[in-house]
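Subject: Structure for your review

Dear colleague,

Please find below the structure that I am handing over to you. My findings follow it, and I would ask you to read them with the model open.

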Amino acid sequence: MVNTESDSLIRKLAQEAPDISQVEDDLDFNDVYVFISLDLTNSTKFKSEQPHLWKFVISAFYDVVFNAYGIGQYQSVLKNLPDEINVEFWKFVGDEVLLYVAVYDCSEIYKIVKSTDEAVKKIIGWIFEKVTEPYACQKKCSEKSSESFCSFYEANYSSCKIDDILQNSLGVKATVWLALCGKSIQARNIIYKKTSATGDDWFRSYNFDFLGPEIDEGFRIAKYAVKNRVVVSPFLANTLYTSADESNDLKTIVENHFAIVSYQRLKGIWSD
C-alpha cells in the first residue's frame, strides 16, 4: 500500500522531469530512482596477497549481492527488503556492483537504505559460506583451469583459515543515492539507451546507462564510503528528513539512525 503523503512528495520530486508516459520503450522506466553501490574494501591488496583465492571470492561476492537483492533468478534473502521493491542490476565497475530501483513512496527509500545496511553486515559471511560450501573444491575441479586451485586449496586452506582471511582482509562499503531521471534531453538526469540494429535481446537489455549531475554526485560520494557503513547522498537524506515531517515513525527513524559524520567539498558538484 502506498502512503498518500509520501507518494505526494515523490510526485513533487519528479515534477521537474518531463512526462514520458507516452514514450514507447522496452524498459519500463519511471522518474525517481534510488541507486546502490556495493564494493569490497581492500580488494586490491587482497588480490595481491591471495592470488588463488581472490578469483573465487570476487565471484562469490557478485553471486551474493544478486541473491541478497533478488536479482534475476534469485529470491531476496534480505528481511528488510519487501517483495514489491524491485531492485535491478545496473552494471559492474571493477569489483563494484551497481544496482537501481524505481521508487514510488518515501517509505520505500528508507527500506532500501535499511536493507543495504543489512547486506553490508552480512555479505562477508555469505561469501565465506559460498566459498567453503560442501564439495566446492570438487565442483571447481570440473574445469581443467581450476585444477591448480584445487590442489592449492586442499593443501593450504581450511574453513577457519578462509574465515580469518576474509574477516581480516576484506569489508563491504555501500553508497545509496537518489536521482530524478527522464528519457527527454531536457531532463536533469537522462536515461541513455542505444538500440541494437540486429535486435539482439542481450543488447536491448543491458546497453543503457544513467547520466547526469546527481548520478555523478553518487559516484563522488562513494569515494568517501567506509568499511561496514552505508553512506547516503544529501538529496536522499533531505528527502527522508522532509517526509519525516509527515510521518512520526519515519521522523523517529531519521533522528535515531542517520547522522552527519563529515563534511566534504565536492568541486564541480556543489559549486566550487
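Two rings of Phe, Tyr or Trp count as a pair if their centres lie within 6.5 Å, the six-membered ring being used for Trp. Please bear in mind that this is a predicted model.

Aromatic rings

By that definition, the structure contains 17 aromatic pairs. One of them joins Tyr33 and Phe210, whose rings are tilted at 55° between the planes and lie 5.3 Å apart, centre to centre. Because Tyr33 belongs to strand E1 (residues 32-41) and Phe210 to strand E6 (residues 208-211), this pair ties together parts that are 177 residues apart in sequence. Both Tyr33 and Phe210 are buried.

Phe35 and Trp90 form another tilted pair, with 5.2 Å between the centres and 50° between the planes. Here Phe35 lies in strand E1 and Trp90 in strand E2 (residues 88-93), 55 residues apart. Phe35 and Trp90 are also buried.

Charged side chains

Side chains of opposite charge can pair when their charged atoms come close. Seven salt bridges were found in the whole structure. Among them is the one between Asp95 and Lys47, at 2.9 Å from N to O. Asp95 is in the loop between E2 and strand E3 (96-102), whereas Lys47 is in helix H2, 48 residues apart. Asp95 counts as buried, at 11% relative accessibility, while Lys47 counts as partly exposed, at 24%. The charged end of Lys47 also sits over the ring of Trp54, 5.3 Å from the ring centre.

Two further salt bridges lie within helices. In helix H2 (residues 43-49), Lys45 and Glu49 are four residues apart, or about one helical turn, and their closest N and O atoms are 3.9 Å apart. In helix H4 (residues 106-131), Lys121 and Asp117 are likewise four residues apart, with 2.8 Å between the closest N and O atoms. Lys121 is exposed, with a relative accessible area of 58%, and Asp117 is partly exposed, at 30%.

Helix H9

Which residues of helix H9 (residues 213-222) are buried? They are Glu214, Ile215, Glu217, Gly218, Ile221 and Ala222. These residues cover an arc of only 155° around the axis, so they are on the same side of H9.

Yours sincerely,
A colleague

Methods:
Residues numbered from 1 in each chain as written. Predicted model: local features only at pLDDT ≥ 70, side-chain atom pairs only at ≥ 80, totals over all residues. Heavy atoms only, no water. Buried < 20%, exposed > 50% of the residue type's maximum accessible area, 1.4 Å probe, protein only. Helix = DSSP H or I, 4+ residues; strand = E, 2+ residues; numbered from the N terminus. Arc of directions from axis to C-beta. Phe/Tyr/Trp six-rings, centres within 6.5 Å; stacked < 30°, edge-to-face > 60°. Lys NZ or Arg CZ within 6 Å of the ring centre and 35° of its normal. Salt bridge = Lys/Arg side-chain N within 4 Å of Asp/Glu carboxyl O.
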